[in-house]
Amino acid sequence: MIAFLSQLALCLAAALCLMGAFAGFRLTSICHTQNVEPALKGAERNVAVVFACCLFAFVGLATSFVLSDFSVRNVAENSNLALPTFYKIAATWGSHEGSFLLWVLMFAGWAQAVALSRFSVSPAFKIRVLSTLQLVLVGFLAYLLMASNPFELLVPAPLDGRDLNPLLQDVAMIIHPPMLYMGYVGFAVTFAFAIAALIEGRFDMTWARWCRPWANTAWAFLTVGIALGSWWAYRELGWGGWWFWDPVENASLMPWLAGTALIHSLAVSEKRGALRSWTLLLALTTFALSLLGTFLVRSGVLTSVHAFATDPKRGVFILALLFLVVGASYILYALRAREVGQGGAFTPTGREALLLSNNVLMSAALVTVMLGTLYPLVVEVLGGRKMSVGQPYFETLFVPLLLPAVLMMAFGPESRWRQTPWMNYMKPGGWALLLALLCVLGASWLHQHFSAVWALGVVCAAVLFIMTLMHAVRALRQAGTAWPHSGLVFRMRRLSWSYWGMALAHLGVAVFVLGVSWVKTFETETDAVLKPGETVSIGPWRLTFIGVDTLQRVNHVAALGVFELTRGEGRLIHLLEPEKRRYQNSQQVMTEAAVHTDWFSDVYVSLGDQVQSSNASGASSNAWGVRLYYKPLINLIWWGCGLMALGGLLTVADRRYRARSRLSKQEHEA
């Protein structure tokens, strides 16, 4: 019954979206702006009902999982009676069908957020935004109902189900998909804003002002989603890596790069009215890349631990939807972009030029990743042979594009709109470069190691970090000029949330680049075969193997290794307990690494197989294979991502986005 009602709710949502989209576009084309207020209220109510229908369907599927209703195929294939309730709820989006239902729910949620928001644009413009979102949502709902139905029934129903993929039975993978989808789907709002602007044939500073918070929020969620996916792969897969340039990983990186370019281009368009056509193109492209990522993950063209589907038939539907949405939007852009124009002029030393140069580097990095990701697929389709593009290609081309972009971020706060005196760059840049070089020389002497790539990465990170802090200190001093005896908190509040968001995001980039440069240079790896009581050293640490215990848990049997972690004079720091798990229903064997972190660096232990004895009986010995890693400063990678995401969210709290501006509304309607 729950399954039937949930499908009915999705069908109702699709019908309402289709009617709402066409009614909205028709009304705004034949009515005068002042006569569409009732139509706007109707569109907002329609979106609210659509969201309620999608939420009902999602709760219905989650209920089926919690109640172990194995008459639903999705539940029977991804859950069982022994699965803990926590993972039963997470299994709702652990399959292809369930995860796409979550995608649809979040898309409807973003549309509902737009409907509830009171940003200062004309009613006709907001109706066009909501109509665009509903029209795209129709395609997703059609795919869900026709090609990926999460409520398909099994007759007769089995007594027990299979199991949730053991790789997904991890806290990070429970949170990772919702965060990633919030980012993917969030860029649909900026896409809808761009379509509405192109239909109207105008693009002004009001458009950019109210598009920025949506873009920044989506970018922050996408940053968190990518970071959680990286952290999960690092801790769960057992090989100690945090980024493998997997095609599905790249599928999330591409819209992130485009989104990074978009949020900076929107800043230029809002403040100076420049780069209008370029900003619109980025808004369309970022969502197009989100759809491309959906196609890669769900079409079956890729084999990856991150991929959801292996059925190419579903890929045809998504590909058709991709071509329809992207093709129509680009055709509209080609027809109307000339009317939009580029906006105000600027000089090569102005902040506009700096942000545009950063956009160009981000776009070049995007093309590099896209080529390395899609070229093997094209070769396989056209030539019938498999090939792969690996880590050397990406790092050789991506790093030289990333580091100049990092340096440009350092000089961004020092720049001014239109034109900037060279001394604004030279003096703080010179001091920051000197301090950065001293840091590199000190670190090189301390570690007795030097490499050009490492030094370049550390210098760029240090320059960005130092210049961002220097500018923040100067800004705080200037904020207290009128009140010389004011406290630090008062001065901080005098600066906008957008400024602090920008500063935190840039500091996050610096921390991230420093972590990557350090761990890629100084990480160590050791493979060993250990018997109880034996000790092995890695980095500044020593690990003593105590033994292996067997534990029976709810849905798996675990071989639990025990290691004593010591440092210096042998003082016990921590007990590390890596596991080798065999899941009872699926009989899959999974490795659970043990990680000790001191906030910045990690000691990583992965338990291998028990070593067979060399005697004639071939019995198992008490020796085990072990893989050990020492990862100095690796946690700076995730600290940096967290700072970036926090910075993106802080900008949304800026005063000018919280209050509805009557002046900007009058400007838009003029």
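**Salt bridges and their surroundings**

Analyst: Asp 527 is partly exposed, at 49% relative accessibility. The model is predicted, and every value here is computed from it.

Start with the partner of Asp 527. Its side chain meets that of Arg 627 in a salt bridge, at 2.8 Å from N to O. Asp 527 sits in strand β1 and Arg 627 in strand β10. The two are 100 residues apart, so this bridge links distant parts of the chain. Arg 627 is partly exposed as well, with 32% relative accessibility.

A second pair involves strand β10 too. Glu 523 forms a salt bridge with Lys 631, and their closest N and O atoms are 2.6 Å apart. Lys 631 belongs to strand β10, which covers residues 620-631. Glu 523 lies in the loop between α17 (497-522) and β1 (524-530). Here 108 residues separate the partners, and again distant parts of the chain are linked.

Lys 631 is at 4% and counts as buried. The cut-off for buried is under 20% relative accessible area, so the 4% of Lys 631 falls within that class.

Leu 633 has 19% relative accessibility and counts as buried. Neighbours within four places in sequence set aside, Leu 633 contacts Gly 515, Trp 518, Phe 600 and Ser 601. Phe 512 is 121 residues away from Leu 633 along the chain, yet their C-alpha atoms are separated by 9.8 Å.

Now the third pair. Arg 73 forms a salt bridge with Glu 152, with 3.3 Å between the closest N and O atoms. Arg 73 lies in helix α3 (residues 73-78), while Glu 152 is in the loop between α6 (123-147) and α7 (171-200). The pair therefore ties together parts that are 79 residues apart in sequence. Both ends are partly exposed: Arg 73 has a relative accessible area of 28%, and Glu 152 is at 41%.

Pairs are one arrangement; a network is another. Over the whole structure, the search finds 17 salt bridges.

One is on the surface. Met 1, Phe 4, Leu 5, Leu 8 and Phe 56 form a nonpolar patch there. Together they have about 550 Å² of accessible area. Helix α1 (residues 2-30) gives the most to this patch, with 3 residues. Leu 5 lies in helix α1 and is partly exposed, with a relative accessible area of 32%.

The other setting is buried. Thr 286 is placed in helix α10 (residues 276-298). Its relative accessible area is 0%, so Thr 286 is buried. Residues up to four places away in sequence not counted, Thr 286 touches Phe 187, Pro 255, Ala 258, Gly 259 and Leu 262.

To return to the bridges: strand β10 supplies Arg 627 to the link with strand β1. Strand β10 also holds Lys 631, whose partner Glu 523 is in the loop between α17 and β1.

Technical notes
Residues are numbered from 1 along each chain as its sequence is written. This is a predicted model: local features need pLDDT of at least 70, side-chain atom pairs count only at pLDDT 80 or more; totals for chains, interfaces and linings use all residues. Side-chain values use heavy atoms; hydrogens and water are left out. A salt bridge is a side-chain nitrogen of Lys or Arg within 4 Å of a carboxyl oxygen of Asp or Glu. Helices (H or I, at least four residues) and strands (E, at least two) are DSSP runs, numbered from the N terminus. Buried means under 20% relative accessible area, exposed over 50%, partly exposed in between (1.4 Å probe, protein chains only). Contact means heavy atoms within 4.5 Å. Patches are made of residues with over 30% relative accessible area and no salt bridge: like charges are joined within 9 Å, nonpolar side chains (Val, Leu, Ile, Met, Phe, Trp, Tyr) within 5 Å. Accessible areas come from the Shrake-Rupley method with a 1.4 Å probe; for residues, only the protein chains shown count as cover.
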